[in-house]
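Let's take a look at a protein together, starting with the whole chain and then zooming in on a few parts.

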Amino acid sequence: MVRTPTSNTTTSRILAKPKSNSKSKSLKSGRPPLLSSNSTPSTTSHPSISSKHTRTLIRTHHVLQKRLAAARLANDTPLINELESRLSATGGLQSYQLASTVGQSATRGGDSSRVLVHWLRSEIDTRKSLTSSTPTTPIPPLRILEVGALSTTNALNIPNITTVRRIDLRSSGPGIEEADFMTFPTPNDPDGKGIWQGQKGYDVLSLSLVLNYVPDARGRGAMLKRTTKFFSEFKSTSKTLLPAPTLHNSRYLTPEHLTTIMASLGYTHLHTKTTQKLHYSLWRYDRDKRVVWIKDGGQTTFAKKEINPGGGRNNFCIILDEDS
Ligand SMILES: C[S@@+](CC[C@H](N)C(=O)[O-])C[C@H]1O[C@@H](n2cnc3c(N)ncnc32)[C@H](O)[C@@H]1O
């Protein structure tokens, strides 16, 4: 989310990974030979690993996570134990993060945070020019919360213009706090834990390829809803990047349906960029919009409903409950 000094707007982005239709291979065949549970994700160098193995590892991890979430819901202890062992055998979150880091390397399409920076360009340029024209009155930097961060050196770092806080379920290095966004203190947390660098809230919230990591549809809805609690202003702008197949080839989600879900939360769609693999979108958050939406009788809960029938589709879905 980014709040401009002149317009009181905030921008956030949510990026999710493409969901593949292909069936997962056996863990043995899917396990990349150059990844081990001892490997450490690096932001500077990557082992020579084929994109096929990277994709297979990521896909296998997602499939096992989904099955594990279902087993936990069913309290199936033997299955939970089995799936946890299988996840661990593939290197767990550490290997998944390494595969994702490799997937983001320059040779594989580059740092996706550049899209966010591109969309924030006019905001950044305004701040740069204000900073140079009034050097004695420093402009407060854009406060960015990057959720699901694997690197501290991406395009979001712009000296004197941005300040970035990075969190992940598993920290892969200094500068990335180990924290779960779903329990991370919100700016108005009563014990003050939500204050960062002396201030409450963020101007930009980035969830790059994170939403699709959430193994169940309700959890995704809850994550989207939770994003709205982190803005420093009630009026904000939000950016969302979703994988193309999750939006363009799902039985349960389309770009239009996502727009309706986001609108119910107070988000207005600003921009979209779709590549073969990814679907980026930028949204503005305005708390008052949600108030008006509800007043006008707008839908506030979204169940699992087939809206895009057809063969060869995936089941990526977002469910929004009243209490999510
Ligand atoms: C596919 S990686 C994406 C990394 C990077 N943002 C990118 O665009 O390449 C997804 C990351 O999101 C993290 N993640 C998923 N759910 C999270 C949560 N609730 N809180 C913090 N991090 C989370 C995972 O641990 C994982 O490292």
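## The whole chain

Of the 324 residues in the protein chain, 49% are buried. Keep in mind that this is a predicted model. The chain has ten helices and ten strands. Take the contacts between residues at least 6 apart in sequence: 71% of them join residues at least 24 apart.

The mean pLDDT of the chain is 80, with 78% of residues at 70 or more. Confidence is highest in strand 4 (residues 177-178), at 98, and lowest in helix 1 (residues 27-30), at a mean of 28. Across residues 1-46 the pLDDT is below 50, though this stretch has 189 contacts in the model beyond near neighbours in sequence.

## A look at helix 2

Helix 2 covers residues 51-73, which makes 23 residues.

Which residues of helix 2 are buried? Among them are Leu57, Ile58, His61, Leu64 and Leu68. In an α-helix there are 3.6 residues a turn, so residues three or four places apart point the same way. After helix 2 comes Asn75, with a positive phi near 55 degrees.

## Zooming in on Ser113

Ser113 sits in helix 5 (residues 113-119). Its relative accessibility is 1%, so Ser113 counts as buried. A polar atom of the Ser113 side chain lies 3.1 Å from the backbone nitrogen of Ala155.

How values were computed:
Residues are numbered from 1 along each chain as its sequence is written. Side-chain values use heavy atoms; hydrogens and water are left out. Helices (H or I, at least four residues) and strands (E, at least two) are DSSP runs, numbered from the N terminus. The expected span of a helix is 1.5 Å times one less than its number of residues. Buried means under 20% relative accessible area, exposed over 50%, partly exposed in between (1.4 Å probe, protein chains only). pLDDT is the predictor's confidence in each residue, from 0 to 100. Contact means heavy atoms within 4.5 Å. A polar contact is a pair of N or O atoms within 3.5 Å; within protein, one must be able to donate a hydrogen and the other to accept it, and residues adjacent in sequence count only if both atoms are side-chain atoms.
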